[in-house]
Amino acid sequence: MSTTKLSRLKIGEEIGIFSVWLIVFLILCLLSERFRMYSNLLILLLNGSVIAFLALGQAFVLLTGGIDLSTGSTVAMAGVLSTVMMQLGLPWPIASLIALSSGLILGVFNGAIIHYLKIPAFIVTFSTYGVATSVPMIIAEAQSISVADQGFSVIGNGQFLTIPMPVVLVTVAAFIGYFVLQRTRLGVHIYAVGGNAEAAELAGVNVGLTTISVYAVSGLCAGMGGLITASRLMVGYPSAGTGNELFFSIAAAVVGGVSLFGGVGSVLGAMLGALLIATISNGMTLLSVPSFWQPLVIGLIILLGVIIDTYRRRFAEVRRSLQVLRAKAIGRSGRNPPTRTDAAEKPGASTGHIHRGEGDTGRPVNSGSGS
């Protein structure tokens, strides 16, 4: 398949995701007057920005064929760590950088253990999920920590040209993520590892560095989600991020077209998936759907996404096989065996039209001859 056809296919898939979101959005507007209020749309975008950050990091990991189950607990760890650093007297920018660094370090640790010790990503990140869940509880002694530095609120409550700061931050992060995946060598390596890690390594790809990089990106994005959550509330909650955030991050990426098997997906698709999940969650809340129904709905969305992705991959494999067979058939038909005419022609013979009867005499007969 040519590059142009691949581009059209990706654009078509992303338009499909956007169309689904638009339909859901319009239905919820009809079902709830509160949903279409500006104040609620603002809340939707603010909540969606955290989901989008988690989905962005998860997309990088999924593209390599891995998975990160520690994203939700990293949100809590980063949020609590930033508030503790401010309580110790550090300025909020320094405290925020330390909190982001904690997410980055956790991601590097995940990637290193997964690659060098050859332990499945599910096991490693599930283990660090428990660690990152306990750390904020231990630090804060299971109590919420209030923030006194009002400058910290700019991350979650500030605005840039009337646009909420979290939306600005996630937009910038999405553009950076797009550039990395589409315009850098690391992006090529990420898709290569997700397609076939063994083949990528034989081709000279540094699989270890690529694996560590994607988990570092996931940890950094989760840390940013923790900062936004703590800044919006001006409180560090040890239990923040341990609810549906993990479900949301995976569901957003999968619904956005990022394959759980690796090698397929885009940043734009993941962002649209995050917007869809945030819209569904917000709409269910406004329609007074009990909170315990939301994991069920998100779980079904993930299952549906996996089923669609599985059959899409199988269809793509069958189509590639048919294209190979067709190309071989065309190649065989193009290699015609030499005819008697070709065998009869000798150096110096005329190159004009040849009548069928010339083969017996070995004499080519020009179409212009009279006999």
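Mentor: Start with contact: heavy atoms within 4.5 Å. By that rule, the buried residues of H8 pack against H2, helix H7 (165-183), helix H9 (197-202) and H10.

Trainee: What ground rules apply here?

Mentor: This is a predicted model, where local features need pLDDT of at least 70, side-chain atom pairs count only at pLDDT 80 or more, and totals for chains, interfaces and linings use all residues. Residues are numbered from 1 along each chain as its sequence is written, and side-chain values use heavy atoms, with hydrogens and water left out.

Trainee: Which residues of helix H8 are buried?

Mentor: In H8 (residues 185-195), they are Gly-187, His-189, Ile-190, Tyr-191, Val-193 and Gly-194. Buried means under 20% relative accessible area, exposed means over 50%, and partly exposed lies in between (1.4 Å probe, protein chains only). Across the 371 residues of the protein, 44% are buried.

Trainee: Why is Gly-208 called buried?

Mentor: Its relative accessible area is 3%, so Gly-208 is buried. Gly-208 is found in helix H10. Its C-alpha is 7.5 Å from that of Tyr-116, 92 residues apart along the chain.

Trainee: Why is the pair of Phe-126 and Tyr-129 called stacked?

Mentor: Rings of Phe, Tyr and Trp (its six-membered ring) pair if their centres lie within 6.5 Å; planes under 30 degrees apart are stacked, over 60 edge-to-face, the rest tilted. The structure holds 5 aromatic pairs. Phe-126 and Tyr-129 are 6.3 Å centre to centre, with 15 degrees between the planes, so this pair is stacked.

Trainee: Where do these two residues sit?

Mentor: Both are in helix H5 (residues 121-140), 3 residues apart, which is about one helical turn. Phe-126 is partly exposed at 49%. Tyr-129 is partly exposed at 27%. Elsewhere, ring pairs link Phe-18, Trp-21, Phe-25 and Phe-35 into a cluster.

Trainee: What makes a set of residues a nonpolar core?

Mentor: The members are buried Ala, Val, Leu, Ile, Met, Phe, Trp, Tyr and Cys residues joined through side-chain atoms within 4.5 Å. The largest such core has 76 residues, and Phe-152 and Met-271 touch the most other members. Helix H2 (residues 38-63) gives the most to this core, with 13 residues. Leaving aside neighbours within four places in sequence, Met-271 is in contact with Ala-52, Leu-56, Val-170 and Ala-174.

Trainee: How many residues of H2 are buried?

Mentor: H2 is mostly covered, with 19 of its 26 residues buried. From first C-alpha to last, H2 reaches 35 Å, close to the 38 Å expected. That expectation is 1.5 Å times one less than the number of residues. Gly-65 follows H2 with a positive phi, near 85 degrees.

Trainee: How many disulfides are there?

Mentor: The test is a pair of cysteine sulfur atoms within 2.5 Å. The count comes to 0 disulfides. Cys-29 is buried at 12%, and Cys-221 is buried at 8%.

Trainee: Where does pLDDT stay under 50?

Mentor: pLDDT is the predictor's confidence in each residue, from 0 to 100. It stays under 50 over residues 1-10, which have 3 contacts beyond four places in sequence. Over residues 341-371 it is also below 50, with 21 contacts beyond near neighbours in sequence. Where pLDDT is low, the predicted coordinates should not be read in detail.

Trainee: What is the mean pLDDT of the protein?

Mentor: The mean is 81, and 84% of the residues reach 70 or more.

Methods:
Helix = DSSP H or I, 4+ residues; strand = E, 2+ residues; numbered from the N terminus.
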